[in-house]
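Have the viewer ready, and take the topics in any order you like.

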Amino acid sequence: MRVIAGSAKGRTLKPVPGKGTRPISDRVKESVFNILRWQVPDSRFLDLFAGTGGVGIEALSRGAEFALFVEKEPKAVRILRENLHTTQMTGQARVIQEDVFRFLLLSGQSAEPDDRFDIVYVAPPQYQDLWAQTLLALDGHPLLAPEAIVIAQIFPKEYHPLPLEDLVLTDQRKYGSTMLCFYERHHGLVEPPAS
């Protein structure tokens, strides 16, 4: 794993030993950031189920202002902190060792406007429907900026429509065994002109 572009381009990131985390391939990561290229600079980035931090670190390398990483596994958190140190991104980042759902519950009770995030990346373990539970927890969450984008990284067979009120599925991309689902806030979308 490596940082593909930006200020930390070419830096190698340590993986977490074992199969507990699901690192993103360079191809998928490059596709994500090609799609988001205009949104990333100066953004606030939230990396949920962060693992080794590869996605959030890539965002920082490409000009994100700040990234918050949420990961509960101690081994992954330790390596995530090492990767932030290696890429010299520690000063622009915060790592929270916590269950994602507990984090969302607690932050929903105390979120301030300055705490909002422009981009949220969700890449939980597969086949447990955690991606869907996370999207439902994020729907209308005060941590989302008015024009926030939420990306879920899933196995294609995991996908199913969700009963969301605030978030709208706007795009899907498939790369082999990985599917990316892009959601935007409903009120942030421009309504088509009446015909």
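## Briefing: charges, cores and rings

Glu82 has a relative accessibility of 26% and therefore counts as partly exposed, a class that runs between buried (under 20% relative accessible area) and exposed (over 50%), with a 1.4 Å probe and protein chains only. This is a predicted model, in which local features need pLDDT of at least 70 and side-chain atom pairs count only at pLDDT 80 or more, while totals for chains, interfaces and linings use all residues. Residues are numbered from 1 along each chain as its sequence is written, and side-chain values use heavy atoms, leaving out hydrogens and water.

**Salt bridges**

- Side chains of opposite charge can pair when their charged atoms come close.
- Over the whole structure, the search finds eight salt bridges, each being a side-chain nitrogen of Lys or Arg within 4 Å of a carboxyl oxygen of Asp or Glu.
- Glu82 takes part in one of them with Arg78, at 3.4 Å from N to O.
- Both residues of the Arg78 and Glu82 pair belong to helix α3 (residues 74-86), where they are four residues apart, about one turn of the helix. Helices (H or I, at least four residues) and strands (E, at least two) are DSSP runs, numbered from the N terminus.
- Arg78 is partly exposed, at 47% relative accessibility.
- Asp166 and Arg185 form another salt bridge, with 2.7 Å between the closest N and O atoms. This pair links distant parts of the chain, 19 residues apart: Asp166 is in the loop between β5 (144-154) and β6 (167-175), and Arg185 is in strand β7 (residues 178-185).
- Are Asp166 and Arg185 buried or exposed? Both are buried.

**Nonpolar cores**

- The largest nonpolar core has 32 residues, and Phe69, Leu84 and Tyr121 have the most contacts inside it. Such a core is a set of buried Ala, Val, Leu, Ile, Met, Phe, Trp, Tyr and Cys residues joined through side-chain atoms within 4.5 Å.
- At least two residues of this core come from each of α1 (26-35), α2 (54-61), β2 (66-71), α3, β3 (93-97), β4 (117-122), β5 and β7.
- Which element gives the largest share of this core? That is α2, with four residues.
- Phe69 touches, among others, Ile57, Leu60, Leu80, Leu84 and Val95, not counting residues up to four places away in sequence; contact here means heavy atoms within 4.5 Å.
- Another core, of 31 residues, lies apart from it and includes Leu46, Phe66, Leu143 and Ala152.

**Helix α2 and Ser61**

- How many of the residues of α2 are buried? Eight of its eight residues are, so to speak, covered.
- The buried residues of α2 pack against α1, β1 (44-48), β2, α3, β3 and β4.
- Ser61 lies in helix α2 and, at 5% relative accessibility, counts as buried.
- A polar atom of the Ser61 side chain lies 2.6 Å from the backbone oxygen of Ala5.
- Ser61 touches residues including Val3, Ala5, Lys9 and Met89, leaving aside those up to four places away in sequence.
- Gly63, which follows α2, has a positive phi, near 110°.

**Rings**

- The whole structure holds four aromatic pairs, meaning rings of Phe, Tyr and Trp (its six-membered ring) with centres within 6.5 Å; planes under 30 degrees apart count as stacked, over 60 as edge-to-face and the rest as tilted.
- Phe49 and Phe101 are edge-to-face because their ring centres are 6.3 Å apart and their planes at 70°.
- Phe49 is in the loop between β1 and α2 and Phe101 in helix α4 (residues 100-110), so the pair ties together parts 52 residues apart in sequence.
- Phe49 is buried at 16% relative accessibility, whereas Phe101 is partly exposed at 25%.

Definitions and conventions
A polar contact is a pair of N or O atoms within 3.5 Å; within protein, one must be able to donate a hydrogen and the other to accept it, and residues adjacent in sequence count only if both atoms are side-chain atoms.
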